[in-house]
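This report goes from one local feature to a single residue and then to the chain as a whole. The sequence and structure come next.

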Amino acid sequence: MAECVNDSDAEGRISYGDYVVLKRGDVFKSVQVENKKKVVFEKQWFFLDNAVGQLYGTRFEIEAGGSLKLKITILFSPVTDSKEAGQDNRHIVDDGRSQKLSRDDIETLKEQGLKGQEIVQQLIDNSTTFKDKTEFAQEKYIKKKKKKYESDITILKPSTRLLAMMYHGREPGKICHLRYDTLAQILTLGNIHAGSKIIVFETCAGLVLGSVMERMGGYGSVIQMYPGGGPTRAGMESFGFPSHFHETLHEFPLCKVNALLAGTLDLSEKDETSGVSEEKNSEHQSMEVSVDPQEEMRRAERERLREQRAQEKKVKMEEKRKKLASAAALLEGRNADGLVIASRFHPCPVLMGLLKFVAPSRPFVVYCQYREPLIECYTKLREQGGAISLRLTDSWLRHYQVLPNRTHPVLLMSGGGGYLLSGTTVAADAAKARNQHKSEEPVAKRLKLDKISSSCDSSA
């Protein structure tokens with residue numbers, strides 16, 4: 001049967017500069033379509049030039065020389081029409097001698113130009129035990145050989161589902177072992193929707209940031225809090241968002257949160273290039289050594305390049321200052337509609353600091369690969385107040401094989417998808433009043449204690 005492709009992964013046509021997701025079996029890879037750029041995927045190299053202009057979701061066959069050829073989908077493959085099958089596999093012995101073709105013979109078939117489907121048919125014809133296998137075992141054998149010898153790829157449009165599956169399958173450590181079903185719960189518990197103002201702090205290569213931006217659809221504001229010198233957005237760039245999506249994205253360094261809360265944030269950036277250039281100019285003016293004209297031209301060229309670099313640096317610093325000012329203006333209102341945290345750092349101090357920028361009655365969600373840091377956050381929030389409906393959950397995911405007469409759970413499954421702490425913010429005054437009310441003793445209890453103390457004094 002032809003492989004089913006999700007409609008959302010097959011919208012639009014492929015063009016140069018687009019980010020696409022390559023799919024082969026259960027393996028994914030994100031690349032950018034560029035002119036005559038060699039792409040290596042699953043030990044094969046090819047060019048994506050022939051895919052330009054085709055629809056997303058199209059299957060291609062890799063030919064000799066790395067060119068792609070559009071593959072016509074065949075509903076029923078001739079290798080699957082075999083009617084001869086055994087009743088069981090009890091008499092089949094895996095001794096390695098059932099296949100007549102050797103590795104050299106298969107390489108010779110490849111050199112002759114035989115395609116993957118034809119090689120699979122040759123393997124079936126030269127197998128002495130294929131006809132004795134059951135129908136289910138034959139289909140399993142054909143699927144295994146197709147995966148090995150057929151060089152087909154499907155080009156899909158990037159989405160949260162595809163990129164989350166790609167990162168979790170290839171490099172789970174880069175996304176803190178965030179599983180795709182857990183990412184879906186983050187977007188749901190965080191109430192991510194268009195037109196909202198969301199604060200995101202993540203160290204998952206930009207995957208969570210891109211997922212939030214995709215869900216918002218280019219409407220609203222996303223404030224990315226980042227540690228270190230600059231934000232990481234490799235995963236977000238793989239989505240291939242249009243330009244108006246990037247206009248909704250703002251960035252703010254985590255190291256300046258305390259200064260913003262205290263009202264002592266300094267937005268002026270010190271520019272030391274002007275002072276250095278002035279000193280160098282004065283030095284050159286003071287030097288009165290006669291030089292030849294060529295040396296003078298080279299010196300003038302170096303000075304021009306130095307001034308050009310200084311000007312470019314000045315422009316970049318001014319743009320950085322403007323971005324910082326715009327993000328600070330959004331945070332100063334303390335009316336964010338949600339908070340999403342998913343990082344490798346301890347979430348407790350980050351959560352306590354960023355919750356102050358979230359408006360009351362707004363959701364927040366914190367992801368962590370381990371349970372203990374979230375338990376500490378849960379305890380801290382219960383003691384300090386400012387949040388209700390606190391829930392600490394983990395997800396359980398298991399795939400099922402759905403085939404005729406063979407529907408059952410897959411034996412191998414993911415061990416864990418991390419833990420989530422979610423809740424809803426409340427006004428700080430209301431939280432303090434509630435905690436104070438809880439701490440006070442009931443009136444009846446105080447009266448009873450007064451009576452006991454007075455009786456003890458009279459007896460003494």
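In this predicted model, strands E1 and E2 form a hairpin with 2 residues between them. Gly 25 lies in the turn and has a positive phi of about 70 degrees. Strand E1 covers residues 19-24 and strand E2 covers residues 27-32. The two strands run antiparallel and are joined by 6 bridges. Lys 23 has Phe 28 in E2 as its bridge partner.

Is Thr 129 buried or exposed? Its relative accessibility is 14%, and because buried means under 20% relative accessible area, Thr 129 counts as buried. Leaving aside residues up to four places away in sequence, Thr 129 touches Ile 92 and Ser 98.

The table gives values for the whole protein.

| Quantity | Value |
|---|---|
| Helices in the protein | 15 helices |
| Strands in the protein | 16 strands |
| Buried residues, as a share of the 460 residues | 36% |
| Accessible surface of the protein | about 27800 Å² |
| Carbon and sulfur atoms, as a share of the accessible surface | 51% |

Contacts in the protein can also be sorted by sequence separation. Of the contacts with a separation of 6 or more, 70% are between residues 24 or more positions apart.

How values were computed
Residues numbered from 1 in each chain as written. Predicted model: local features only at pLDDT ≥ 70, side-chain atom pairs only at ≥ 80, totals over all residues. Heavy atoms only, no water. Helix = DSSP H or I, 4+ residues; strand = E, 2+ residues; numbered from the N terminus. Buried < 20%, exposed > 50% of the residue type's maximum accessible area, 1.4 Å probe, protein only. Contact = heavy atoms within 4.5 Å. Areas by Shrake-Rupley, 256 points an atom, 1.4 Å probe, with all protein chains shown as cover. Pairing = 2+ DSSP bridges.
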